[in-house]
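Good morning. I will walk through one structure today, starting with the whole chain and then going to single residues. Please look at the screen.

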Amino acid sequence: MSTLRNLTADECLALIAPGGVGRIAFTGSHGPTILPVNYRLDGDRIVLRTRTGGAMDGDLRTGIDDLEIVVAFEVDAIDPEHREGWSVLVQGPCHHTPGTPGAPGGSWVDGRDHLITITPQRVTGRRLEG
């Protein structure tokens with residue numbers, strides 16, 4: 001039988017530190033939206049790439065100064081055979097960020113020329129242990 005254990009924020013950040021693929025969730029123009037994205041951890045921020053003018057770029061812009069859109073970002077690793085794994089949820093405001101998208105841990109898709117960062121305000125996670 002497996003047990004479920006809550007993770008500390010530090011444990012969560014250590015698990016997602018290598019970067020890879022996660023999911024961003026936000027309220028989009030067509031309702032609740034969840035998209036898989038490549039990401040990397042840059043200090044205490046999560047960095048994503050999107051296409052300028054794409055759906056995520058447009059949905060995460062309000063045109064209102066100083067209004068922050070809070071998003072959820074999730075990363076997990078699951079081993080169904082051993083019934084083990086972990087899941088990390090990061091919640092916080094996202095920002096359009098100037099910079100060069102060509103940094104390490106880049107997108108797997110061509111044309112991703114715009115950076116979005118998430119500043120974690122709440123970091124939670126759980127580990128399922130066999």
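**The chain as a whole**

Of the 130 residues in the chain, 35% are buried. Buried means under 20% relative accessible area, exposed means over 50%, and partly exposed is in between, with a 1.4 Å probe and protein chains only. Before I go on: this is a predicted model, where local features need pLDDT of at least 70 and side-chain atom pairs count only at pLDDT 80 or more, while totals for chains, interfaces and linings use all residues. Residues are numbered from 1 along each chain as its sequence is written, and side-chain values use heavy atoms, with hydrogens and water left out.

The accessible surface of the chain is about 7800 Å², and 53% of that belongs to carbon and sulfur atoms. The areas come from the Shrake-Rupley method with a 1.4 Å probe, and for residues only the protein chains shown count as cover.

The chain has two helices and eight strands. Their order from the N terminus is β-α-β-β-β-α-β-β-β-β. Both kinds of element are DSSP runs numbered from the N terminus: helices are H or I with at least four residues, strands are E with at least two.

Now contacts, meaning heavy atoms within 4.5 Å. Among contacts in the chain with a separation of 6 or more, 63% are between residues 24 or more positions apart.

**Strand pairing**

Two strands pair if DSSP finds at least two bridges between them. Which strands does S5 join? Strand S5, residues 69-79, runs antiparallel to S2, residues 20-28, with three bridges. S5 also runs antiparallel to S6, residues 84-97, with eleven bridges.

**The core**

A nonpolar core is a set of buried Ala, Val, Leu, Ile, Met, Phe, Trp, Tyr and Cys residues joined through side-chain atoms within 4.5 Å. The largest one here has 22 residues, and Ile24, Leu60 and Phe73 have the most contacts inside it. Helix H1 (9-16), S2, S3, strand S4 (45-50), S5, S6 and S7 each supply at least two residues of this core. In soluble globular proteins, nonpolar side chains tend to be buried together.

Beyond four places in sequence, isoleucine 24 is in contact with residues including Leu48, Leu60, Phe73 and Ile118. Thr33 is also one of its contacts.

Threonine 33 sits in strand S3, residues 31-42. Is threonine 33 buried or exposed? It counts as buried because its relative accessibility is 19%. Its side chain reaches the backbone oxygen of glycine 31 at 2.9 Å.

Threonine 119 lies in the loop between S7 (114-118) and S8 (122-129). With 28% relative accessibility, threonine 119 counts as partly exposed. Setting aside neighbours within four places in sequence, threonine 119 is in contact with Gln91, Gly92, Pro93 and His95. Its C-alpha atom is 9.3 Å from that of valine 70, which is 49 residues away along the chain.

**Cysteines**

Cysteine 12 counts as buried at 0% relative accessibility, and cysteine 94 counts as buried at 6%. How many disulfides does the whole structure have? The search finds zero, where a disulfide is a pair of cysteine sulfur atoms within 2.5 Å.

Terms used: A polar contact is a pair of N or O atoms within 3.5 Å; within protein, one must be able to donate a hydrogen and the other to accept it, and residues adjacent in sequence count only if both atoms are side-chain atoms.
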